[in-house]
Amino acid sequence: MAKTRELCKDLRDKIVDLQKAGMGYRIGKQLGEKATTVGAIIRKWKKFKMTVNLPGSGAPCKISPRGASMIMRKVRDQSRTTRQDQVNYLKRAGTTVSKKTISNTLCRYGLKSCSARKVPLLKPAHIQAHLNFANDHLDDPVEEWEKVMWSYETEIELFGLNSTRRVWRKKKDVYNPKNTIPTVKHGGGNIILWGCFSAKGTGRLHCIEGRMDGAM
């Protein structure tokens with residue numbers, strides 16, 4: 001069925017003005033509009049005190065609150081689960097939905113699909129050493145940090161050897177361990193870059209040949 005023509009706001013307001021003046025449902029004949037259209041506009045004005053179209057309710061959500069809770073619980077436990085995994089999970093529970101519906105549901109709860117960040121693989125001893133360093137220097141004045149130069153080296157894969165994984169997460173959880181991919185500095189088809197920065201700015205970027213050690 002073709003979509004019906006909508007009256008402009010000025011014409012709707014004129015219908016209401018004529019109704020206030022006592023014209024009744026003869027307004028349609030005077031303006032060349034159907035009596036049913038005029039009646040609908042007048043009833044809407046009497047009930048809502050407005051003539052513009054009310055927003056539609058939209059299609060009903062296919063996922064119940066219980067189903068949404070199941071999805072969120074699954075994502076919290078396994079952030080790397082895919083939309084197809086979620087579709088299959090709900091199907092086994094008796095609910096058939098599309099991958100788009102899964103995306104919409106997760107977005108309503110503030111989650112989006114993001115590429116997992118790659119971070120250095122840290123052992124428990126490394127994590128504890130980082131925490132100790134932060135606590136030891138927590139109250140250092142700014143002047144002390146201005147004397148420090150920070151350096152770091154990174155490995156770049158030349159042939160796309162590192163795979164990319166996607167995870168469902170909130171913006172604040174970017175570096176949550178379950179949302180990252182640990183990396184180690186070994187393997188072939190890569191180059192090592194070394195750089196540094198301080199309060200004065202950045203240093204030059206160096207390409208390292210051979211094995212990187214403290215002396216180099």
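Let's start with a pair of helices. Helix H5, residues 83-92, packs with helix H6, residues 99-108, at an angle of about 100°. Their axes are 9 Å apart. Why quote those two values? Because two packed helices are described by the angle between their axes and the distance between the axes. Angles of 65 to 115 degrees count as roughly perpendicular, so H5 is roughly perpendicular to H6. Keep in mind that this is a predicted model.

Which residues make the contact? From H5, we have Arg83, Gln84, Gln86, Val87 and Leu90. They meet Lys99, Lys100, Ile102 and Ser103 in H6.

Now to helix H1. H1 covers residues 9-20, so count 12 residues in the DSSP run. From its first C-alpha to its last, H1 reaches 17 Å. That is close to the 16 Å expected at 1.5 Å a residue.

Which residues of H1 are buried? Leu11, Arg12, Ile15, Val16, Leu18 and Gln19. Look down the axis of H1: these buried residues fall within an arc of 165°, so they line one face of the helix. Here is the background. An α-helix has 3.6 residues a turn, so residues three or four places apart point the same way.

What does the buried face pack against? Helix H2, 27-31, and helix H3, 35-48. Turn to the other side of H1, and Asp10 and Lys20 are exposed.

One last stop. Just after H1 comes Gly22, with a positive phi of about 95°.

Technical notes: Residues numbered from 1 in each chain as written. Predicted model: local features only at pLDDT ≥ 70, side-chain atom pairs only at ≥ 80, totals over all residues. Heavy atoms only, no water. Helix = DSSP H or I, 4+ residues; strand = E, 2+ residues; numbered from the N terminus. Expected span 1.5 Å × (residues − 1). Buried < 20%, exposed > 50% of the residue type's maximum accessible area, 1.4 Å probe, protein only. Arc of directions from axis to C-beta. Contact = heavy atoms within 4.5 Å. Axes fitted to C-alpha atoms, helices over the stretch in contact; angles between N-to-C directions. Parallel < 35°, antiparallel > 145°, perpendicular 65-115°, else oblique.
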